[in-house]
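Open the model in your viewer and keep the selection panel at hand. The stops below go from one selection to the next.

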Amino acid sequence: MDSTATDRFDTSRFEASRNRLASLAYRLLGSATDAEDAVQDAFLHWQAADRQLIKVPEAWLTKVVTNLCLDRLRSAHARRERTAGAWLPEPLLDSDPMLGPADTFEQRESVSLAVLTLVERLSPLERAVYVLREAFSYSHAETAEILDITESASQQHLHRARRHITAARRGGGEVDPASARRIVEEFLAAASSGHTERLVALLTDDVIAISDGAGLTEKLLRYDTPQRVAAIARGGFKSTPAKQRLAGGPSAVHSALVNGAPAMLFVVGDQVVGAVTFDIAGGKIAMVRGIAAPARLVRLTEAWRKHGPDTPLISQW
C-alpha cells in the first residue's frame, strides 16, 4: 500500500471513531464547539503519530481526546469562564449524534443538562472517570491506563463523583416525546394565561429557574420559589415588539426533546433563537433553563434545520 493509500486508510479509521470521540468530548466539556475542537486536535495528533506503532487505535484516540479535554478544563481561560457564574451546558437536539452512546439509562443520563451541570462541581479527574465509566463502560483498569492513574485511584474518583452527583441531583427520569409535549403545552398555556396560580401548580416547591440572559449579562440569572419562577415566566413569555426585534422577528414556538428533556424552541425562520428546557420530578417541573445566547445555539440550529418542519405550538409569538 503506497503512502497516499495508507493516509486515506488511516483517515478513514479516524473518521470511524469521530462520533464516539465527539460524544466523549462533549460529556467532558459540556460544549459542542469545544468538543469539535478537541476532536480536530486529536486528528492532528493522529496524523503526526507513527500509526504503525498504534496497536489499538480506538484506545489510543480515547486517551488523546480525554487528555486534550482535561487540558482544556484545567486551562486558566476555562477556569475563569466556568467560575464566573455565566456557564451553562450547550443544548443539543435529541437527534444529534454527539449525544450517543444512548443504549442504557446511565449513558442517556450522563448527557442530560442536569448531569452536565453537576459534573462542573467535580475535579477534572473525577469528571473523566465518571464519564469513562458511566457513559462508555470502561473498566477501572482501562480508565486507569487512559488517565495514567492507579485502579484504586480510579475507584476512589468514581465513588466521589457518584456521591456528589447523587446528592445534588434534582428530579430526573426519562420522558417520552408525548409526555414532553404535554409538559411543554401545559407550561406554555399557564404562562400565557395571566394566572400565576396555574403556573405555580406545575412547579415543585423547590423549583429553580436559570437564564443566560441571551448572553447580555455577565452572570446567569437565577430565580427560586414557585412564586418568583411563575412571575418571571409570565413576564418572559409575554411577547412584545422589543422582544421580537431582539429575536430578529416573530418566533414560532415548537415542542422538542433537548438532551433527553422536554423543551420549547423559539424559531425565527430556520434559526433557533431560544431554548427553554425542563427537568421533571414527581410529575412537576423542578428546573427551568432559558438559553438564548447565540453561541450556545449554533449546533442546535444546525440540527433543527435537518429535523424538518413540524406543527408549532404557537405559529407567531
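Contact here means heavy atoms within 4.5 Å. Helices (H or I, at least four residues) and strands (E, at least two) are DSSP runs, numbered from the N terminus. The model is predicted: local features need pLDDT of at least 70, side-chain atom pairs count only at pLDDT 80 or more, and totals for chains, interfaces and linings use all residues. Residues are numbered from 1 along each chain as its sequence is written, and side-chain values use heavy atoms, with hydrogens and water left out.

**Stop 1: helix H8**

Select residues 140–147, which form H8. His140, Thr143, Ala144, Ile146 and Leu147 are buried there (under 20% relative accessible area; exposed is over 50%, partly exposed in between; 1.4 Å probe, protein chains only). They lie on the same side of H8, because they cover an arc of only 160 degrees around the axis, taken from the directions from the helix axis to the C-beta atoms. Just after H8, look at aspartate 148, whose phi is positive, about 60 degrees.

**Stop 2: strand E1**

Next select 203–211, strand E1. Seven of its nine residues are buried, so E1 is largely enclosed by the rest of the structure. Strands pair if DSSP finds at least two bridges between them. E1 pairs with E6 in the parallel sense over five bridges; isoleucine 210 has arginine 289 of E6 as its bridge partner. With E2, E1 runs antiparallel, joined by four bridges, and alanine 209 has tyrosine 223 of E2 as its partner.

**Stop 3: the largest pocket**

Centre the view on Ser211, Ala214, Gly236, Gly290 and Ala292, which lie nearest the centre of the largest pocket among its 34 lining residues. A pocket is an open set of points on a 1 Å grid over the protein atoms alone, where a 1.4 Å probe fits, with protein on both sides within 12 Å along at least five of seven lines; lining residues have an atom within 4 Å of a point. Its volume is about 970 Å³. Which strand gives the largest share of the lining? E5 does, with six residues.

**Stop 4: tryptophan 317**

Finally, select tryptophan 317, in the segment after helix H14 (298–307). Tryptophan 317 is buried, with a relative accessible area of 13%. Show its contacts beyond four places in sequence, including Phe237, Lys243, Pro250 and Phe266.

Key. Points joined across faces, edges and corners; volume = space filled by probe spheres on them.
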